[in-house]
Amino acid sequence: MRKGNLELVVGAFVLLGLGCLAYLAIHLGKMEIMGSGYPVSVTFDNISGLKMGAAVEVAGVEVGRVESIQLSPGDRASVTLRLEPGLKLHDDAIASIRTKGIIGDKFVKLSPGNSEKLIPPGGKIRDTEAAIDLEELISSYIHGKV
Amino acid sequence: MFRLLTRTYAVIPIFILVLAVSTAMAASPKEVAKQVIDKALSILNDPAYAGPAKKQQRHDLVKQIVDRHFDYREMAKRSLGATWNSLSNPQRDEFVRIFAELLEASYADKIDRYVKNVRIDYPGERLDGDYAEVPTVVVRPNDRIPLTYRLHNESGTWMVYDVVIEGVSLVSNYRSQFSRVISESSYAELVKRLRTKVNEQRGGA
């Protein structure tokens, strides 16, 4: 009887440990299974290495993540962002692909705008800025532009 | 039979009217951009207006053509961001005027420099309701500059509200600069700086 109790307690602890591990994996990996917030789609000419799960920032504050990336007709990149529920995006918002530091990760910078119309959940950000190829710019600056 | 006939005749003028309106609307954003650019280029390359002496006259003529399809108010509003809402109407008008002057002063000389031996390609257009993007490529003997115009339909006329050069948006660039100046100091300081900049550009030109 006592041995059975001990095994039950050990089993409970193992389960608890596994639960903690799963919680850590999901939260540290920032892969929320239940996607909270609302989706917004954006089409860029070039995203140059933006990855799924990359940050979406307003004024340097993280307000969402890149949910999916697809190639859309006309060889453009169609990106779906999942944004915090409280974030208000206006019709004249601009989405730009930026790099953290000089060679850091790519992220999406949003400038929310101020027009009267809001972008509804599932809506689309019309104005975008593609990634600027910094390396190309620097090399054309160093070696001179022909 | 007679009633049917009169009804048919009554419909004809309406049909013609609809047709006329739709052909006026039919000028696609790409065609609008092409017309404006072609007209401006023909003046800039016209020997009658060549030379530094005719510079002012040349710029005035180009400005007249461009102004008809450039929505400076929308550009200024988008560039200024949230501060726009707190301005009174006369303040807004003043800001739009300074902004248009700034654009003119910054780009007039650049355009003069780029206009020689230039060809413009129009690879297509993207329409989305009342909004459109017209990508163009400025082709020079050893240079290709991608330049995209963003237009919106303002009561039947396509008006440019943003220009994207080499992937960099004019509105986005000014929006971040303006918001920085306003957060560091004030709106009054921004207007002062823009005025100084316009005078500088004009003086230096």
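Modeller: First, a definition: helices (H or I, at least four residues) and strands (E, at least two) are DSSP runs, numbered from the N terminus. This is a predicted model, in which local features need pLDDT of at least 70 and side-chain atom pairs count only at pLDDT 80 or more, while totals for chains, interfaces and linings use all residues. Residues are numbered from 1 along each chain as its sequence is written, and chains are lettered from A and ligands numbered from 1 in the order in which they are written.

Colleague: Fine. How many helices and strands does chain A have?

Modeller: Chain A has two helices and eight strands. From the N terminus the order is α-β-β-β-β-β-β-β-β-α.

Colleague: Is chain A spread out or compact?

Modeller: Chain A is more spread out than a compact globule, because its radius of gyration is 22 Å, well over the 15 Å that the globule rule gives for 146 residues. That radius is taken over C-alpha atoms, and the rule is 2.2 Å times the number of residues to the power 0.38. Along its principal axes the C-alpha trace spans about 85 × 45 × 30 Å.

Colleague: What domains is it divided into?

Modeller: Domain 1 covers 1-31 and domain 2 covers 38-140, with bounds from an automatic or database domain assignment. Their C-alpha centres lie 39 Å apart.

Colleague: And in what order do the strands sit in the sheet?

Modeller: The eight strands of chain A form an open sheet in the order 7-1-4-3-2-6-5-8, with mixed pairing. Two strands pair if DSSP finds at least two bridges between them. Strand 7 (124-125) and strand 8 (127-129) are at the edges with a single partner strand each, so one side of each has no neighbour in the sheet.

Colleague: What does strand 1 of chain A pair with?

Modeller: Strand 1 (residues 38-44) runs antiparallel to strand 4, over seven bridges, and A:Phe44 stands opposite A:Ala77 there. Strand 1 is also joined to strand 7 by two bridges, in the parallel sense; A:Val42 stands opposite A:Ile125 in that pair.

Colleague: What about strand 3 and strand 4 of chain A?

Modeller: Strand 3 (residues 61-72) and strand 4 run antiparallel, joined by eight bridges. The two form a hairpin with three residues between them, and A:Gly74 in the turn has a positive phi of about 85°. A:Ser72 stands opposite A:Arg76.

Colleague: Change of topic: why does A:Ser36 count as exposed?

Modeller: A:Ser36 counts as exposed because it has 9 C-beta neighbours inside 10 Å. A:Ser36 lies in the loop between helix 1 (2-28) and strand 1 of chain A.

Colleague: Last one. What is A:Val108 in contact with?

Modeller: Leaving aside neighbours within four places in sequence, A:Val108 is in contact with A:Ala54, A:Val56, A:Val66, A:Leu81, A:Ala95 and A:Ile97. In contact means that the C-beta atoms, placed from the backbone, lie within 7 Å.

Technical notes: Contact = placed C-beta atoms within 7 Å. Buried ≥ 20, exposed ≤ 12 C-beta atoms within 10 Å, placed from the backbone.
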